[in-house]
Amino acid sequence: MLAFIRTWPALSALGAGLVHLAVASSSAVWMSVVLIVIGLTELTWAITALTLQRAPLPRRSLAVALLPIAFAGGWALTSTAAHHSGMAMRMGPSAASVSVPLALACCLDLVMAFACARAVRLRNRQHRVARPVLARTEPDGAALGTAQTGSGAIRALAGILLGAVLVAGVTVPALGATDAGRHAGMHMQM
C-alpha cells in the first residue's frame, strides 16, 4: 500500500469504533451490547494495524469490517418496519437519533473493509506466483518495517496528517449527532 495512505484504514477503524461506542451509550440494552463489542473490536484492530503497519488477519478482519455495515442495515430495516407498523415506541427513544452516526461509521468501516480486501487479494496473488522473495515488500517497492528517509518520510507524515483530518471530519460530526454529543454541548456552555 502506498506510504501516503497506509494508516488511513486504521484511523478509520479508530473513528468508527469511537462512534459505535458513543451510540452504544444511549441505545437499548441489546443494541448496546452489540455496539460495544463492535466498537472495542474496531479499536483493537486499529491499534494492531497501526502497530504492525498492515492489516492484521485480513480475511477475518474483512468479516469484522462488514459486520457493522450489516448490523446497521438490519437495524435500519427493523426500525423502518417498526415505525410503519406503529411499534416505534418499542424501539426506544434513540431510534431516530442513531441513524446518522451509524451511517457515518459505516462509511469509515468501508475504508477498513477495502484495505482488508486489498490485503486478501495481494496475499492470494502472492500465493499463486511461485517465485523466491528475498524480502517481503509492499507493491510500491518499500520493504515492510524499514525506516523511510527524506521525501518518503515527509510524504508518509503528510498522509498520516491528511488521513487524521479526513477521519476527524467524519467522526466529529458523527459523535456530535449522538445523544452523548448533544449532552456534551450543554456542558461546554456552563
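Predicted model: local features only at pLDDT ≥ 70, side-chain atom pairs only at ≥ 80, totals over all residues.
Mentor: In it, H1 is mostly covered, with 13 of its 17 residues buried.

Trainee: Why does Ser-12 count as buried?

Mentor: Buried means under 20% relative accessible area. Ser-12 has 3% relative accessibility, so Ser-12 counts as buried. Ser-12 is found in helix H1.

Trainee: Which residues is Ser-12 in contact with, leaving aside its neighbours within four places in sequence?

Mentor: Those are Leu-108, Val-111 and Val-167.

Trainee: Why are H1 and H2 called roughly antiparallel?

Mentor: Take the angle. The axes of H1 (residues 8-24) and H2 (residues 29-52) cross at roughly 160°. Angles over 145 degrees count as roughly antiparallel. H1 and H2 are therefore roughly antiparallel to each other. Their axes come within 8 Å.

Trainee: Is the crossing of H1 and H2 left-handed or right-handed?

Mentor: Left-handed.

Trainee: Which residues of H1 and H2 meet?

Mentor: From H1, they include Pro-9, Ala-13, Leu-14, Gly-17 and Leu-21. From H2, Leu-35, Gly-39, Glu-42, Leu-43 and Trp-45 are among them. By class, this contact has 18 nonpolar, four polar and one charged residues.

Trainee: What span does H1 reach, and what is expected?

Mentor: H1 has 17 residues. From its first C-alpha to its last, H1 reaches 24 Å. That is close to the 24 Å expected at 1.5 Å a residue.

Key:
Residues numbered from 1 in each chain as written. Heavy atoms only, no water. Axes fitted to C-alpha atoms, helices over the stretch in contact; angles between N-to-C directions. Helix = DSSP H or I, 4+ residues; strand = E, 2+ residues; numbered from the N terminus. Parallel < 35°, antiparallel > 145°, perpendicular 65-115°, else oblique. Left-handed = near helix turned anticlockwise from the far one by under 90°. Contact = heavy atoms within 4.5 Å. Nonpolar A, V, L, I, M, F, W, Y, C, P; charged D, E, K, R; others polar. Expected span 1.5 Å × (residues − 1). Buried < 20%, exposed > 50% of the residue type's maximum accessible area, 1.4 Å probe, protein only.
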